[in-house]
Amino acid sequence: MLQKWIALSNTTIGQLMATINTSIIIVALPPIFRGIHLNPLAPQSFPYLLWTIMSYMIVVSVLLLTIGRLSDMYGRVRLFNLGFLIFTIGSILLYLTPGTGYTAATELIIFRIVQAVGGSFIMANSFAIITDNFPSEGRGFALSINSVAAVSGVSIGIVLGGFLSVIYWRDVFLISVPVGIFGTFWSYFRLKETSMKKRDRLDIPGNILFAAGIIIILIGVTYGITPYGKNPMGWTNPFVIISLLTGTLLLIIFPFIEKKSGNPMFRIDFFKIKGFSIGNFTAFISAMEMMGLMYMLTILFQGVWLPIHGYPFYITPLWAGIYILPMTVSMGLFGILGGRLSDRYGFRILTSAGLFISAFSLVLLAFLPYNFSYYLMGIILVIFGIGYGLFNAPNISAVMSVVPPEARGTASGMVNTMRNTGYTASMGLFFSILIYGLSKSLPVTISSSLRAKNAGQLIPYLIHMPPTEAIFGTFLGINPVSAIISGIPGPVISSVPANALSTITGNTWFSYVFAPAFMGSLDTVFFIVAGITVFAGLISLLRDRDRISIDKKTGASSKSIKRLKEYK
């Protein structure tokens with residue numbers, strides 16, 4: 001009895017820290033870059049900026065499947081414990097980052113990768129360890145606690161990053177060290193191995209093919225939202241096109257290789273189970289929706305709403321995280337409720353209702369003006385949190401309940417891979433739509449506003465502001481106008497009326513100029529993602545109507561075992 005609570009506490013601490021570090025660095029980058037003496041808005045700094053954010057998520061997405069398979073072979077607890085140790089070492093290395101300038105930025109990326117390797121071991125095994133230790137009647141509740149920690153960690157990371165970076169930039173990484181040390185000892189000495197080890201050979205060709213395909217595609221997506229030549233995005237960059245085509249080709253070949261493998265890392269046969277395939281598809285869509293919304297809300301608060309309401313740019317990252325907290329709290333409360341309800345009533349209605357509620361909240365967000373009432377925004381954020389909470393834990397429980405016990409590590413790795421790939425894909429989808437819209441409308445709003453302020457001399461300099469600089473400037477709590485004006489020749493600056501120059505470089509001018517262009521693009525984003533989410537909700541309705549029948553001997557779905565036997 002005690003062991004299951006030890007398992008839940010260990011995995012929940014691990015999930016919380018692993019996901020906190022997915023987002024903690026986002027709002028802390030300006031003080032981090034200042035600490036290592038690097039300008040985050042300098043053109044040559046942009047790749048370092050992007051890779052410092054993305055490297056963690058990309059590594060996790062690539063490794064989860066392999067680690068899930070290794071866990072089934074060598075023990076889930078053993079690899080989970082190793083993950084805590086590696087994660088803690090990565091956190092210590094990040095805190096001690098010795099260099100400065102681009103050397104330090106490179107070190108940060110490398111140490112983030114080390115930390116991500118540890119996080120991958122934790123994420124790949126958490127759901128499987130809980131499923132191993134909890135009986136079917138309490139499994140949904142236990143998974144809901146763990147998944148709430150995973151989801152809440154993203155929001156908590158933003159708040160912690162904003163708060164700690166104000167004190168000292170290295171503290172952003174220090175926070176993980178004591179928790180990592182505690183979790184490492186707690187798991188090594190108290191967590192017991194309960195999984196059935198299956199000594200198979202590792203699928204080397206499958207691992208290489210999958211890792212190469214995912215890495216190449218995600219690199220292509222990352223540079224697809226990076227300016228290329230005179231284009232605001234890089235989708236026409238030959239490197240991006242070749243990356244996307246090559247990565248896609250490798251992933252198309254991948255299932256054919258797996259079918260011929262005696263020990264596949266990716267269980268294609270699991271997709272014959274309707275509940276498993278639907279659960280993975282909807283997990284990808286919901287993860288893309290949630291992380292994309294988190295990005296958009298961060299920009300909306302930091303770039304528009306907070307500056308307009310008198311908050312200086314340097315402190316907007318912290319307050320953006322605080323104002324997003326209602327969504328995190330409702331996700332947590334309804335995530336736990338969803339887990340309880342799924343134990344009693346099954347998964348189908350809850351997961352579909354959760355997706356439909358989330359889509360409804362996105363539509364409501366599309367009708368908000370930029371100078372919205374926060375009370376109204378708070379209500380909509382709570383509605384989204386309710387929807388996501390009701391969906392997430394029941395969906396994970398549904399996926400983990402339809403696979404045989406000896407393959408739970410693989411299944412956990414697969415569903416977490418889908419979720420983390422969704423997190424990364426959200427940047428490509430959301431930012432592409434946003435950047436395209438801004439590239440058309442932002443120069444117009446800047447020009448008209450400068451003329452109205454009798455500062456037409458600045459038009460040639462400011463209308464060519466890359467949309468990515470406007471977005472990431474606000475995302476990082478930096479006023480991009482001040483950064484651009486600092487590089488304009490002195491005679492041009494001196495020809496601008498002093499009061500106009502003071503207004504333009506102030507706290508609110510850029511936000512009022514940015515707002516109409518940004519909101520037009522943001523509405524498009526919300527409508528598109530709401531449509532995709534409704535589609536996922538309809539797909540979720542195709543799950544089995546009745547509550548899943550659990551085989552007493554194996555703890556897995558009786559129907560899924562029968563289908564796997566028929567498939568083989």
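**Entry 1: what I am looking at**

I remind myself that this is a predicted model. I read every value below with that in mind.

**Entry 2: H15 against H21**

I started with a helix pair. Two packed helices are described by the angle between their axes and the distance between the axes. I looked up helix H15 (residues 408-452) and helix H21 (residues 509-540), and found them packed at about 155° with axes 8 Å apart. An angle over 145 degrees counts as roughly antiparallel, and H15 and H21 are therefore roughly antiparallel to each other. I also noted the hand of the crossing: H15 passes H21 in a right-handed way.

What classes of residue make up the contact of H15 with H21? I found 19 nonpolar and six polar residues, and no charged ones.

**Entry 3: H12 against H14**

Next I took helix H12 (residues 316-345) and helix H14 (residues 374-401). Their axes come within 6 Å and cross at roughly 30°. Angles under 35 degrees count as roughly parallel, so I wrote down H12 and H14 as roughly parallel to each other. Here, too, I noted a right-handed crossing, this time of H12 and H14.

**Entry 4: aromatic pairs**

How many aromatic pairs does the structure hold? I get 29. A pair of aromatic rings is described by the distance of the centres and the angle of the planes, and I followed up two pairs that way.

Phe210 and Phe254 came up with 5.3 Å centre to centre and 45° between the planes, a tilted pair. Phe210 sits in helix H9 (residues 204-224) and Phe254 in helix H10 (residues 238-260), so this pair ties together parts that are 44 residues apart in sequence. Are these two residues buried or exposed? Both Phe210 and Phe254 are buried.

For Phe281 and Phe535, the ring centres are 6.1 Å apart and the planes stand at 90°, so I put the pair down as edge-to-face. Phe281 belongs to helix H11 (residues 274-308) and Phe535 to helix H21, so this pair ties together parts that are 254 residues apart in sequence. Phe281 has 28% relative accessibility and counts as partly exposed. Phe535, at 45%, also counts as partly exposed.

I then looked for linked rings. One cluster is joined by ring pairs among Phe301, Trp305, Tyr311, Trp319, Tyr323, Phe372 and Tyr374.

**Entry 5: helix H1**

I wanted to know how the span of a helix sits with the expected one. Helix H1 (residues 2-23) has 22 residues and reaches 33 Å from its first C-alpha to its last, close to the 32 Å expected at 1.5 Å a residue. H1 is mostly covered, with 17 of its 22 residues buried.

Thr298 is in helix H11. Its relative accessibility is 1%, so Thr298 counts as buried. I looked up the C-alpha separation of Thr298 and Ala320, which are 22 residues apart along the chain, and it is 5.9 Å.

Ala104 lies in helix H5 (residues 101-133). Ala104 is buried, with a relative accessible area of 0%. From Ala104 to Leu94 is 10 residues in sequence and 9.9 Å in space, C-alpha to C-alpha.

Pro467 is in helix H17 (residues 467-475). Pro467 counts as buried at 7% relative accessibility.

**Entry 6: positive phi values**

Last, I checked backbone angles. Most residues other than glycine have a negative phi, and most peptide bonds are trans. That made me stop at two residues.

His37 has a phi near 65°, a positive value in a residue other than glycine. Where is His37? His37 is in the loop between helix H2 (29-35) and helix H3 (46-74). At 62% relative accessibility, His37 counts as exposed.

Asn454 is not a glycine either, yet its phi is positive at about 60°. I placed Asn454 in the loop between H15 and helix H16 (459-462). Asn454 is exposed, with a relative accessible area of 57%.

Technical notes: Residues are numbered from 1 along each chain as its sequence is written. This is a predicted model: local features need pLDDT of at least 70, side-chain atom pairs count only at pLDDT 80 or more; totals for chains, interfaces and linings use all residues. Side-chain values use heavy atoms; hydrogens and water are left out. Axes are lines fitted to C-alpha atoms, for helices over the stretch in contact, and angles run from 0 to 180 degrees between N-to-C directions. Helices (H or I, at least four residues) and strands (E, at least two) are DSSP runs, numbered from the N terminus. Angles under 35 degrees count as roughly parallel, over 145 as roughly antiparallel, 65 to 115 as roughly perpendicular and the rest as oblique. A crossing is left-handed if the near helix is turned anticlockwise from the far one by less than a right angle, and right-handed if clockwise. Ala, Val, Leu, Ile, Met, Phe, Trp, Tyr, Cys and Pro count as nonpolar, Asp, Glu, Lys and Arg as charged, and the others, Gly among them, as polar. Rings of Phe, Tyr and Trp (its six-membered ring) pair if their centres lie within 6.5 Å; planes under 30 degrees apart count as stacked, over 60 as edge-to-face and the rest as tilted. Buried means under 20% relative accessible area, exposed over 50%, partly exposed in between (1.4 Å probe, protein chains only). The expected span of a helix is 1.5 Å times one less than its number of residues.
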